[in-house]
Structure formats: C-alpha cells, structure tokens
Amino acid sequence: MSQTGPFIRVTTVSAPLKGSFPLDHEGTCKLEMLNYMVCLHEKKQQNSECRHVAKDYFECRMNHGLMDKEEWHKLGYGESKQISQ
C-alpha cells in the first residue's frame, strides 16, 4: 500500500551532504562557540575579525568527532597548520 500526501514517512536515510554536521548536543565545544559569538558581537558582526576564534571552534569540533577532519587550507586557513586525517 502506498501512501500519498504530506504525512509520508521516510524509510531510507542517506548520509549528510558536505557541509552538514551533527549538532553538539553534549555542549562539548560550547565554550569555543560562545567565544566566537562574543567576538562577533564585539567586532560588530565582522567575521573576518574573528577568524582565529572560529579556527579554535573548528579544531574543537574536529578533535571531538563533530565534523570530519579537514586540511586547514580547505577551510580557508591556508597559512595555518594542517590537521591530519
């Protein structure tokens, strides 16, 4: 029996696309995230001024398995060290 309409249940789940990542439900990188938000507030939402703090956040997420480990140049930090896979 096939269902139609807005209440169709999804029976298969596929892996997320590049750029999608799991939420930090445990708050593992909450301090880094808050530091980034404070930096954005202090710098009037100019994210280029907070790149060093964003890098700390990415590094925390990679170290705790909340995102795939990537080379820094792929994340826009070409001048920085690389995280090995």
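Me: Before we start, what counts as buried, exposed or partly exposed here?
Reply: Buried means under 20% relative accessible area, exposed means over 50%, and partly exposed lies in between. This is a predicted model.

Me: OK. Where does Tyr 57 fall?
Reply: Tyr 57 has a relative accessible area of 21%, so it is partly exposed.

Me: And Phe 58, at 25%?
Reply: Phe 58 counts as partly exposed too, given its 25% relative accessibility.

Me: How many aromatic pairs are there?
Reply: The count comes to three aromatic pairs. Tyr 57 and Phe 58 form a tilted pair, because their ring centres are 6.4 Å apart and their planes sit at 40 degrees.

Me: What about Trp 72 and Tyr 77?
Reply: That pair is edge-to-face, because the planes are at 90 degrees. The ring centres are 5.7 Å apart.

Me: Are those two buried or exposed?
Reply: Trp 72 is buried, at 0% relative accessibility. Tyr 77 is buried as well, at 5%.

Me: Which residues make up the ring cluster?
Reply: Ring pairs link Tyr 57, Phe 58, Trp 72 and Tyr 77 into a cluster.

Me: Switching to helices. How do helix 1 and helix 2 pack?
Reply: Helix 1 covers residues 30-42 and helix 2 covers residues 51-63. Their axes are 9 Å apart, at an angle of about 160 degrees. That makes the two helices roughly antiparallel.

Me: Left-handed or right-handed crossing?
Reply: Left-handed.

Me: Which residues touch?
Reply: Helix 1 brings Glu 32, Met 33, Asn 35, Tyr 36 and Cys 39. Helix 2 brings Val 53, Ala 54, Asp 56, Tyr 57 and Cys 60.

Me: How many are nonpolar, polar and charged?
Reply: Seven nonpolar, one polar and two charged.

Key: Residues numbered from 1 in each chain as written. Predicted model: local features only at pLDDT ≥ 70, side-chain atom pairs only at ≥ 80, totals over all residues. Heavy atoms only, no water. Axes fitted to C-alpha atoms, helices over the stretch in contact; angles between N-to-C directions. Helix = DSSP H or I, 4+ residues; strand = E, 2+ residues; numbered from the N terminus. Parallel < 35°, antiparallel > 145°, perpendicular 65-115°, else oblique. Left-handed = near helix turned anticlockwise from the far one by under 90°. Contact = heavy atoms within 4.5 Å. Nonpolar A, V, L, I, M, F, W, Y, C, P; charged D, E, K, R; others polar. Phe/Tyr/Trp six-rings, centres within 6.5 Å; stacked < 30°, edge-to-face > 60°. Buried < 20%, exposed > 50% of the residue type's maximum accessible area, 1.4 Å probe, protein only.
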